[in-house]
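Work through the exercises below with the sequence and the structure side by side. Try each task before reading its solution.

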Amino acid sequence: FGPTAVALQSVAALAGLPLIAHFHGYDAHARSTVDKMREAYRGLGAQAAAIVVVSLGMQRTLEDLGLPPEIIHLARCGVDPE
């Protein structure tokens with residue numbers, strides 16, 4: 001989740017590992033969380049190798065915060081009922 005990725009940023013940087021964050025729910029939907037994490041998410045966007053989101057709404061939220069669209073990848077959950 002987004003807050004966990006924020007907490008692990010420095011560890012990934014020290015270890016020289018790429019950081020991939022997966023936003024899955026409250027972390028990019030709950031207004032209170034997004035408002036609280038606004039600056040931290042921007043910093044995450046500057047460091048992360050990739051950001052995975054499960055909806056277009058989450059993608060728009062993170063892009064509106066200033067995260068680079070080119071690192072955001074949409075991977076919807078669920079199955080196609082067709």
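Two cut-offs come first: a residue is buried when its relative accessible area is under 20%, and a salt bridge needs a side-chain nitrogen of Lys or Arg within 4 Å of a carboxyl oxygen of Asp or Glu. The model is predicted. Its protein chain averages a pLDDT of 93, and 100% of the residues score at least 70.

**Exercise 1. Find the salt bridges and work out which of them are linked in a network.**

Step 1. Count them: there are 3 salt bridges.
Step 2. Take D35 and R31. Their side chains meet at 3.5 Å, N to O. Both residues lie in helix α3, 4 residues apart, about one turn of the helix.
Step 3. Take R38 and D35. Here the N to O distance is 2.8 Å. These two are 3 residues apart in α3, again about one helical turn.
Step 4. R31, D35 and R38 form a network of salt bridges.
Step 5. Check the surface. R42 is partly exposed at 34% relative accessibility, while E39 is exposed at 55%.

**Exercise 2. Classify the aromatic pairs and place each ring in the chain.**

Step 1. Search the whole structure: 2 aromatic pairs turn up.
Step 2. Take F1 and Y26. Their ring centres are 5.7 Å apart and their planes meet at 40 degrees, so this pair is tilted.
Step 3. F1 lies in the segment before α1 and Y26 in helix α2, so the pair ties together parts 25 residues apart in sequence.
Step 4. F1 is partly exposed at 46%, and Y26 is partly exposed at 42%.
Step 5. Take F23 and Y41. This pair is edge-to-face, with 5.0 Å between centres and 80 degrees between planes. F23 is in the loop between β1 and α2, and Y41 is in helix α3, 18 residues apart.
Step 6. F23 has a relative accessible area of 0% and is buried. Y41 is also buried, at 0%.

**Exercise 3. Which residues touch the most other members of the largest nonpolar core, and which elements supply it?**

Step 1. Trace the elements. α1, α3, β2 and α4 each supply at least two residues. The largest share, 4 residues, comes from α3.
Step 2. Beyond four places in sequence, L62 is in contact with F23, Y41, I51, V53, L67 and I72.

Terms used
Residues numbered from 1 in each chain as written. Heavy atoms only, no water. Contact = heavy atoms within 4.5 Å. Phe/Tyr/Trp six-rings, centres within 6.5 Å; stacked < 30°, edge-to-face > 60°. Buried < 20%, exposed > 50% of the residue type's maximum accessible area, 1.4 Å probe, protein only. pLDDT = per-residue confidence, 0-100.
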